[in-house]
Amino acid sequence: MIPALCHKLHMSLLLVKLVDRLTLDILAVTKKSFANQATEGVGFGQAGSMLKYFHEKIADNPSFQYALQLDCEEDITNIFWADAKMILDYAHFGDVVTFDTTFGTNKEYRPFGVFLGINQFRETTIFGAALLFDETKDSFIWLFETFLAAHNGRQPRTIYTDQDVAMGKAIEKVFTESYHGLCSFHIMMNAVKHLSPVKDDEKDEGEVEEEDEGEEESHILSDFSACMYGYEDKAAFQEAFDNMRHKVHKQTWLDSIYKVKEKWAECYMGDVFSLGVRSTQLSESFNNALKNHLKSDFHIVRFLKHFERTVEVKRRKELESEYEARKKLPRIKMCTPMLVQASKVYTPTIFEPFQSEYERSMAACTRVLEENNQFAVAIGRLHGDLTYEEEEERIVIGDPLNQTASCSCQMFNRAGILCGHSLKVPDLMNVKTLPTHYLLKRWTREARMEVYMTGKEGKW
């Protein structure tokens, strides 16, 4: 249990709505409700005002959900809430989730967590938020279980977080069906701190030496970045990582990050459904807009109202994007049946990369392999001197009967749109339009037309 809590912790208070007994409990709060690192907490007035705020939201829309965790003295510790649109957004776009508690790393601010994803326009959407007593394993377990309960128990396919150990243990316990990835931004920030090429007792004082040290450190960071993004082959990754070890004086951090390489190295994430997301930094502007309202002297209802306003700003932007998408079709560079179809189905934001992959397929060369319906596909490009150079070959398995094309690069499995290699093969099989099973609904203009996932067993 959380050290500050008793074993009688009320874990059963999930998705509390109009509960008279809870009202009496909260009105009795006079001491340390919702304490932050043992500082002054939510007092009598704030607790009552918070409950009144939540009840007003439920009166406006019964789909609004919140949950409170209390300790043995009936004091509020952790708070979770999600409005009706967050619940609906998760049903449409909750396949990839990021969770961040950045503010909790600074003692000046209360620990605040937000669950985010991306919609059909690749814009940030919110699935729920929380104010936490602390950042322990038990607090995170309560929060994650509450989050899933609010969303009918449906787990995301992928969830990204930072490297917090307690959070990782909680995710392992609660998100049993999800892939857990580590935020690339946080990893690189830690790499900057820990990857030093020079021993402390071997530093020189000259400017030339300092410049050399800086260049060497830059090379090591480049090497680490390459290990994160640049290798698809595990053997090549291993060789590069081992070479980097020899350049680093203290290897403690490298050893620790290597143990979880499956959560951040490209070569281990080939089939991870990520939609191109590798970081929890989906919305820096969203976080920054809230930061000043989370200081230790904050008023919780004022914060909740400011959070609500910040969310509404993002939602207005989404409505503007949808209006623009419906007002005009994107520019089609080649008037082919597949591109015309895709321009009408995909949102403009998604059609643009799809069209780029289609253009690449036009520059692809193929070899028919001995196995049935297998092709080696290499995409070429012109350099400045007009020399033609082919990229590495990919193996694509085609199925004319089922109209499928499966590429070894696994782009569709990761991003939800077909790669240039795969788009070459349907043309060879006389398939001129995009089969419906390759039109991922979350990327289409009609993504919000219906809730296409119902119940805990629904698939994204």
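The paragraphs below take these stops in turn.

Please keep in mind that this is a predicted model. Two packed helices are described by the angle between their axes and the distance between the axes. Here, the axes of helix 4 (residues 137-150) and helix 5 (residues 165-174) cross at roughly 40° and come within 8 Å. That angle makes helix 4 oblique to helix 5, and their crossing is right-handed. Sorted by class, the contact of helix 4 with helix 5 has 9 nonpolar and 4 charged residues, with no polar ones.

Next, the cysteines. A disulfide is a covalent bond between the sulfur atoms of two cysteines. A search of the whole structure turns up 0 disulfides. For Cys 419, the closest cysteine sulfur belongs to Cys 409 and is 3.5 Å away, so it is too far for a bond; the cut-off is 2.5 Å. Cys 419 is buried at 2% relative accessibility, and Cys 183 is buried too, at 0%.

Finally, look at the backbone in two loops. Most residues other than glycine have a negative phi. Asn 152, however, has a positive phi near 60°. Asn 152 sits in the loop between helix 4 and strand 6 (158-161) and is exposed, with a relative accessible area of 54%. Gln 410 also has a positive phi, of about 60°, without being a glycine. Its loop runs between strand 12 (404-407) and helix 14 (411-415), and Gln 410 is partly exposed at 28% relative accessible area.

Terms used. Residues numbered from 1 in each chain as written. Predicted model: local features only at pLDDT ≥ 70, side-chain atom pairs only at ≥ 80, totals over all residues. Heavy atoms only, no water. Axes fitted to C-alpha atoms, helices over the stretch in contact; angles between N-to-C directions. Helix = DSSP H or I, 4+ residues; strand = E, 2+ residues; numbered from the N terminus. Parallel < 35°, antiparallel > 145°, perpendicular 65-115°, else oblique. Left-handed = near helix turned anticlockwise from the far one by under 90°. Nonpolar A, V, L, I, M, F, W, Y, C, P; charged D, E, K, R; others polar. Buried < 20%, exposed > 50% of the residue type's maximum accessible area, 1.4 Å probe, protein only.
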